[in-house]
Amino acid sequence: MRQWRSIAKEAMDRASIIVKFLCLLHVTDAYVVSSNHVLGPSMLPTLNLTGDVVLVEHLSHRIGKLGSGDLVLVRSPLDPNKTLTKRIVAMEGDRVTFSLDPTRSFSSRSLVVPFSF
């Protein structure tokens, strides 16, 4: 009977270690850093057309450390199962000039990115 108790205690100790590791892995993946497969032409030449695996850290947006030129991953408004990769072009208060028709250089507009409240 003692032998079974020691075997059960050892099994419970090992199961406890595995559960703690899996909890730590989940928290790390959800809140600290995770990996994501990114593919498509929109991020050329930074990311390959055939696809790249990128490490995504989840802390910068929580502490407000995003800036122009950073890549962000967002959920698609049309298909919430898709993740889109976008580059931040401007921040609040920056002036952005863009062309409505790339074939005509004189048809450009300028606007200031509004502040969010």
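**Entry 1: charged pairs**

I began with R14, which forms a salt bridge with E10, their closest N and O atoms lying 3.0 Å apart. For a salt bridge I need a side-chain nitrogen of Lys or Arg within 4 Å of a carboxyl oxygen of Asp or Glu. Before going on, I noted that this is a predicted model, where local features need pLDDT of at least 70, side-chain atom pairs count only at pLDDT 80 or more, and totals for chains, interfaces and linings use all residues. Residues are numbered from 1 along each chain as its sequence is written, and side-chain values use heavy atoms, with hydrogens and water left out.

R14 and E10 both sit in helix α1, four residues apart, about one turn of the helix. I take helices (H or I, at least four residues) and strands (E, at least two) as DSSP runs, numbered from the N terminus. R14 is exposed, at 53% relative accessible area, while E10 is partly exposed at 42%. My cut-offs are under 20% relative accessible area for buried, over 50% for exposed, and partly exposed in between (1.4 Å probe, protein chains only).

How many salt bridges are there by this rule? I count two. D13 also forms one with K9, and here the closest N and O atoms are 3.5 Å apart. D13 and K9 are four residues apart in helix α1 (residues 2-31), so about one helical turn separates them. D13 is partly exposed at 40%, and K9 is exposed at 54%.

**Entry 2: the strands**

Next I looked up β1 and β2, which run antiparallel and are joined by six bridges. Strands pair if DSSP finds at least two bridges between them. V33 has E57 as its bridge partner in β2.

S34 lies in strand β1 (residues 33-38). Is S34 buried or exposed? It counts as buried, because its relative accessibility is 13%.

Last, I listed the largest nonpolar core: V38, M43, L47, V54 and V56, five residues. Such a core is a set of buried Ala, Val, Leu, Ile, Met, Phe, Trp, Tyr and Cys residues joined through side-chain atoms within 4.5 Å.
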